[in-house]
Amino acid sequence: MDNAKTEELVIKLEESLGLSSLESGPKLIGAIIADKVPNMGAIKNILMKAWESFGEPKIMYMKDNIFTILVQDEVMANKIIEEGPWSVMGFCFSVQRWPSNLAIEEAPTHMVVYWIQVHGIPLNLMLTGNAREIGEKLGTVLEVDDPWNKGPRGFLRIHTLIDTTNPLAAGFWLLRPEGLDTWAELKYEKLSDFCFDCGKLGHTKNGCKFNPDKNEDGESTAFGDWMKARTVRERHNQVSLNVPRSVRRQAGQISMMNLGTRVVRVAQKSGENEIVAGNNNGSWHAD
Ligand SMILES: [Zn+2]
């Protein structure tokens, strides 16, 4: 054949329908989001300890930043996934199901699910529909909390799958009918350490190789510890966060200048109250 050299090998494989030859139990894929992956044995030990009340998982390091996890039943699989993302040595460790029709290399291990809280939303915009609209600007919305379910909470809460190769979004300007935009802050539950310079997971500012926005003192004010939210259950015993409030935009802060704000129309439930999300520092990462 003339083109024999350029033909590529194609093989069709049989599927084991009952999966009887595979070890039983749900299979999960874990990934540590770290630019330089720490000691594998240590990661495994920390996870075994963290999950010991759920059961006894089999954790195996595969390659790069990826682990396979075999658990005994669905209850344990759900607990590990729902209580994540986990933090190991300060790094995010995310766990997702390993679909049987996916090779380990095909799993989107850079995608991580967070509960994101939106602070600085006025009462009349505190709607599940608005939570969903905001979540869709951040990533893929899995579910939203009803802000009125257990009485007024004061913030929106969105379960969102986000792409961790992008900087975390710190907030957005909310268009107010009075013409004065206000800042809405985003806080992430179970957020591990991340870079306060570029806003990405995987390293801290000492190991940052990106070009962040910095002020005259060489400090980045776009990202900080204030983006770490206490989970809703932990909020009952909340103490105030010790963060440098003077250097950051805070929830409810009024915009002095709308110039440069990239405007994205996100929602209006009533037809009267339009809200607009965007930013002016380039960290917004979804269209
Ligand atoms: Zn960085």
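Colleague: Leaving aside neighbours within four places in sequence, which residues is isoleucine 32 in contact with?

Modeller: This is a predicted model, to start with. In it, isoleucine 32 is in contact with Val37, Ile43, Asn65, Val88, Phe91 and Phe93.

Colleague: And which residues touch the most other members of the largest nonpolar core?

Modeller: Ile32, Ile33, Ile116, Val118 and Met227 do. That core has 58 residues.

Colleague: Which strand gives the largest share of this core?

Modeller: Strand β6, residues 111-119. Six core residues come from β6.

Colleague: Where does the core lie relative to domain 1 and domain 2?

Modeller: Between them, because both domains give residues to it. Domain 1 spans 27-109. Domain 2 is made of 112-207, 218-232 and 247-277.

Colleague: Back to the strands. What is the order in the open sheet of five?

Modeller: The order is β2-β3-β1-β5-β4, and the pairing is antiparallel.

Colleague: Which strands stand at the edges?

Modeller: β2 and β4, the latter being residues 86-88. Each has a single partner strand, so one side of each is left without a neighbour in the sheet.

Colleague: By how many degrees are neighbouring strands turned against each other?

Modeller: On average by 30 degrees, ignoring direction.

Colleague: Now β3. How many bridges does it share with β2?

Modeller: Five, in the antiparallel sense. β2 covers residues 58-63 and β3 covers 66-70. Lysine 58 has leucine 70 as its bridge partner. Tyrosine 61 stands opposite phenylalanine 67.

Colleague: What about the hairpin of β2 and β3; which residue takes a positive phi?

Modeller: Aspartate 64, with phi near 50 degrees. There are two residues between the strands.

Colleague: And how do β1 and β3 pair, parallel or antiparallel?

Modeller: Antiparallel, over five bridges. β1 is residues 27-33. Leucine 28 stands opposite isoleucine 69 of β3, and isoleucine 29 stands opposite threonine 68.

Colleague: Which β3 residues are on the covered face, and which on the uncovered one?

Modeller: Phe67 and Ile69 are on the covered face. Ile66, Thr68 and Leu70 are on the uncovered one.

Colleague: Which strands does helix α1 lie across?

Modeller: β1, β2 and β4. α1 is residues 40-50, and it runs at about 150 degrees to β2.

Colleague: Different topic. Where is tryptophan 226?

Modeller: In the loop between β10, residues 182-189, and β11, residues 228-229.

Colleague: Is tryptophan 226 buried or exposed?

Modeller: Tryptophan 226 is buried, because 21 other C-beta atoms lie within 10 Å, and the cut-off for buried is 20 or more.

Colleague: What separates the C-alpha atoms of tryptophan 226 and glutamate 185?

Modeller: 9.1 Å. Along the chain, these two are 41 residues apart.

Colleague: What does the UniProt annotation give for residues 195-209?

Modeller: The UniProt record, an unreviewed entry, has "domain: CCHC-type" there. In the model, residues 195-209 are 0% helix and 0% strand. The end C-alpha atoms of the stretch are 10 Å apart.

Colleague: Last, the whole chain. How many helices and strands does it have?

Modeller: Three helices and 13 strands. Buried residues make up 34% of the 287 residues.

Colleague: And what share of contacts with a separation of 6 or more joins residues 24 or more positions apart?

Modeller: 64% of those contacts.

Conventions:
Residues are numbered from 1 along each chain as its sequence is written. This is a predicted model: local features need pLDDT of at least 70, side-chain atom pairs count only at pLDDT 80 or more; totals for chains, interfaces and linings use all residues. Two strands pair if DSSP finds at least two bridges between them. Helices (H or I, at least four residues) and strands (E, at least two) are DSSP runs, numbered from the N terminus. A nonpolar core is a set of buried Ala, Val, Leu, Ile, Met, Phe, Trp, Tyr and Cys residues joined through C-beta atoms within 7 Å. A residue is buried if 20 or more other C-beta atoms lie within 10 Å of its own, exposed if 12 or fewer, and partly exposed in between; C-beta atoms are placed from the backbone. Domain bounds come from an automatic or database domain assignment. Two residues are in contact if their C-beta atoms, placed from the backbone, lie within 7 Å. UniProt positions are given in the numbering used here, feature names are shortened, and annotations may be inferred rather than shown by experiment. Axes are lines fitted to C-alpha atoms, for helices over the stretch in contact, and angles run from 0 to 180 degrees between N-to-C directions.
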